[in-house]
Amino acid sequence: MKQRTAVLLPLLLGFIIPTLAQDTSGDYMEFNDRKNVVHGVYLGLTTHYGEIDDKDSYFTSFKVAYVANQQFEIGFIGTFFYSDQNIYRGISSYDEDLIGGYGGLHLEPIFFSKNLVSLSFPVLIGAGGMGYIDDNYSHNDFDEDEFEDNAQAFFIVEPGINALFNISRYLQLEAGVKYRISNKVNDSKNFDPVKRINGFSAGIGVKVGIFNMGRNRYKKNI
């Protein structure tokens, strides 16, 4: 009897231990299948140069966004612009430039996000306002009431294409071009030479944040 037990016990253990190891390994792989979303958030600053009605124009944008799986961004972006129009509208005795701002929903699908350089297609959908200001306003009093009375509102869509440079987990640089598409502003007073702010712009930017929170420590190159 003791001999049978001595023989059967190793055989039984030899069967049970591999079975348990196989089940445990299967559970572990299922838990670590990495199909969960990798989250990220960041603050961004970009500067662009372009033209409005063939005049030099400058754009500065701030944005905050959430990044899903390093493949898609959704957030908010606000842009301030100044256009060196140098036009005479007949209202004041000074030549005037165009200033304004717009903001809205920021969407950006990202491709090849695991590479050092990736490609993205951002789009802004929103609204804004613009008005005219004396181009020598630093030496003259700025009439805020007159500016508000003559300000115009518009809707805008701004698609683009970016090259993203993944410097680190916390830093990303971008360079790209965008195209503004706006509706025609109200020109009932016939004092608005610029009817739309359509046009291309090109520039660079920086994003600072965490682009892959909760990354998989068991898998490389995330």
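**Charges inside the fold**

Mentor: Let's begin with a pair: Lys63 and Glu174 form a salt bridge through their side chains, 3.3 Å from N to O. Keep in mind that this is a predicted model.

Trainee: Why is the contact between Lys63 and Glu174 called a salt bridge?

Mentor: The cut-off is a Lys or Arg side-chain nitrogen within 4 Å of a carboxyl oxygen of Asp or Glu. The N to O distance for Lys63 and Glu174 is 3.3 Å, so the pair qualifies.

Trainee: What parts of the chain does the pair link?

Mentor: Distant ones: Lys63 is in strand β2 (residues 55-68) and Glu174 is in strand β8, 111 residues apart. Both Lys63 and Glu174 are buried, too.

Trainee: What makes Lys178 and Glu158 a salt bridge?

Mentor: Same test. Their side chains meet at 3.7 Å, N to O, and the limit is 4 Å, so the label holds. Lys178 sits in strand β8 and Glu158 in strand β7, so this bridge ties together parts 20 residues apart in sequence.

Trainee: How do you know whether Lys178 is buried or exposed?

Mentor: Buried means under 20% relative accessible area. Lys178 has 11%, so it is buried. Glu158 comes in at 3%, so it counts as buried as well.

Trainee: And what makes Glu174 and Lys207 a salt bridge?

Mentor: The side chains of Glu174 and Lys207 meet at 3.8 Å, N to O. With a cut-off of 4 Å, that pair is therefore a salt bridge. Glu174 in strand β8 and Lys207 in strand β9 are distant parts of the chain, 33 residues apart, and both residues are buried.

Trainee: Which residues are joined into one network?

Mentor: Lys63, Glu73, Glu108, Glu174 and Lys207, through salt bridges that share partners. Glu174 shows how that works, as it pairs with Lys63 and with Lys207. A search of the whole structure gives 5 salt bridges.

**The overall layout and the cavity**

Trainee: How many helices and strands does the chain have?

Mentor: There are 2 helices and 9 strands, and from the N terminus the order reads α-β-β-β-β-β-β-α-β-β-β. Of the 222 residues in the chain, 35% are buried.

Trainee: What makes the space inside a cavity and not a pocket?

Mentor: In a cavity a 1.4 Å probe fits but cannot get out, while a pocket is open. This structure holds 1 cavity of 30 Å³ or more, and about 160 Å³ of space lies in the largest cavity. Its lining has 19 residues, and the closest to its centre are Lys63, Ile77, Pro122, Asn162 and Lys178.

Trainee: Which strands supply at least two residues each to that lining?

Mentor: β1 (39-52), β6 (123-134), β7 (152-166), β8 (171-182) and β9 (199-213).

Trainee: How do the lining residues divide into nonpolar, polar and charged?

Mentor: They come to 7 nonpolar, 8 polar and 4 charged. Lys counts as charged, so Lys63 and Lys178 from the lining belong to that charged class.

Trainee: Which residues make the nonpolar surface patch?

Mentor: Phe72, Ile74, Leu105, Ile125, Val157 and Ile181, over about 460 Å².

Trainee: Why is Ile181 called partly exposed?

Mentor: The class runs between the buried limit of 20% and the exposed limit of 50%. Ile181 has 41%, so it is partly exposed. Ile181 belongs to strand β8.

Trainee: Why does Leu124 count as buried?

Mentor: Leu124 has 3% relative accessibility, so it counts as buried. Leu124 is in strand β6.

Terms used:
Residues are numbered from 1 along each chain as its sequence is written. This is a predicted model: local features need pLDDT of at least 70, side-chain atom pairs count only at pLDDT 80 or more; totals for chains, interfaces and linings use all residues. Side-chain values use heavy atoms; hydrogens and water are left out. On a 1 Å grid over the protein atoms alone, a cavity is a set of points where a 1.4 Å probe fits but cannot get out, and a pocket is an open set with protein on both sides within 12 Å along at least five of seven lines; lining residues have an atom within 4 Å of a point. Grid points are joined across faces, edges and corners, and a volume is the space filled by probe spheres set on the points. Helices (H or I, at least four residues) and strands (E, at least two) are DSSP runs, numbered from the N terminus. Patches are made of residues with over 30% relative accessible area and no salt bridge: like charges are joined within 9 Å, nonpolar side chains (Val, Leu, Ile, Met, Phe, Trp, Tyr) within 5 Å. Accessible areas come from the Shrake-Rupley method with a 1.4 Å probe; for residues, only the protein chains shown count as cover. Buried means under 20% relative accessible area, exposed over 50%, partly exposed in between (1.4 Å probe, protein chains only).
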